[in-house]
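User: I'd like to walk through this one with you. Take my questions one at a time, please.

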Amino acid sequence: MQVEKKSESKVLDRSYVEMTVDGKAGKLTRKEVIASVAQVMGVPAENVALIRMDGQSGTTKAVGKFYVYGSAESKKKVEPRYLAERLLTKEERDKLKQERKKAAAPAPAPEAKKK
């Protein structure tokens, strides 16, 4: 992996990183890419958000855009929830959906007093 571009945003506590991966286009999973970016950048994997991965036509090179946060808390504040859900397995996503349905279900209305 090679870092092509890197810039920082102190307000959002994150770095914008663009990396190229040679010879692995279409063979890497999101989790593998995030783990390798975290290793290259020297941060925990939970601080890295994958924004976009693009393969280049006619080559096996892939270009990825990532946000590398200073902490997991700052990532949770800024990143949309669906980006984190993409990394879950199918079973974990289904379980999360069931929990949300239970939480969103309306509570039973209290009985009205009869006079």
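**Overall layout**

User: Of the contacts in the protein between residues at least 6 apart in sequence, what share join residues at least 24 apart?
Analyst: With contact meaning heavy atoms within 4.5 Å, the share that joins residues at least 24 apart, among contacts between residues at least 6 apart in sequence, is 47%.

User: What are we looking at, and which pattern does the protein follow along the sequence?
Analyst: This is a predicted model, where local features need pLDDT of at least 70, side-chain atom pairs count only at pLDDT 80 or more, and totals for chains, interfaces and linings use all residues. Residues are numbered from 1 along each chain as its sequence is written, and side-chain values use heavy atoms, with hydrogens and water left out. The protein has four helices and four strands (DSSP runs numbered from the N terminus: H or I of at least four residues for helices, E of at least two for strands). Read along the sequence, they give β-β-α-β-β-α-α-α.

User: What radius of gyration does the protein have?
Analyst: The C-alpha atoms fill a box of roughly 80 × 35 × 20 Å along the principal axes. The radius of gyration is taken over C-alpha atoms, and the globule rule is 2.2 Å times the number of residues to the power 0.38. A compact globule of 115 residues would come out near 13 Å, but the protein has 20 Å.

User: Which strand runs antiparallel to β2 and is joined to it by eight bridges?
Analyst: Strands count as paired if DSSP finds at least two bridges between them. β2 (residues 14-21) has seven of its eight residues buried. Two of the facing pairs are Ser15 with Val68 and Thr20 with Val63. The eight antiparallel bridges lead from β2 to β4.

User: Why is β4 largely enclosed, and how many of its residues are buried?
Analyst: β4 (residues 62-69) is largely enclosed by the rest of the structure because most of its positions are covered, six of the eight being buried. On another side of the pairing, β3 (residues 48-55) joins β4 in the antiparallel sense over seven bridges, with Asp54 facing Val63. So for β4, the buried count out of eight is six.

User: Which residue in the turn between β3 and β4 has a positive phi of about 80°?
Analyst: β3 and β4 form a hairpin, with six residues between the strands. The turn residue with a phi of about 80° is Gly58.

User: Is Ser15 buried or exposed?
Analyst: Ser15 lies in strand β2. Leaving aside neighbours within four places in sequence, Ser15 touches Lys6, Ser7, Glu8, Phe66, Tyr67 and Val68. Its relative accessible area is 11%, so Ser15 counts as buried.

User: What separates the C-alpha atoms of Leu96 and Leu12?
Analyst: Leu96 lies in helix α4 (residues 90-104) and counts as partly exposed because its relative accessibility is 25%. Apart from neighbours within four places, Leu96 is in contact with Glu85 and Leu88. Leu12 is 84 residues away along the chain, and the C-alpha separation is 27 Å.

User: What is the area of the nonpolar surface patch made by Met1, Val3 and Val40?
Analyst: Patches use residues with over 30% relative accessible area and no salt bridge, joining like charges within 9 Å and nonpolar side chains (Val, Leu, Ile, Met, Phe, Trp, Tyr) within 5 Å; a salt bridge is a side-chain nitrogen of Lys or Arg within 4 Å of a carboxyl oxygen of Asp or Glu. Met1, in the segment before β1 (2-9), is partly exposed at 38%. Accessible areas come from the Shrake-Rupley method with a 1.4 Å probe, and for residues only the protein chains shown count as cover. The patch made by Met1, Val3 and Val40 comes to about 230 Å².

Definitions and conventions: Buried < 20%, exposed > 50% of the residue type's maximum accessible area, 1.4 Å probe, protein only.
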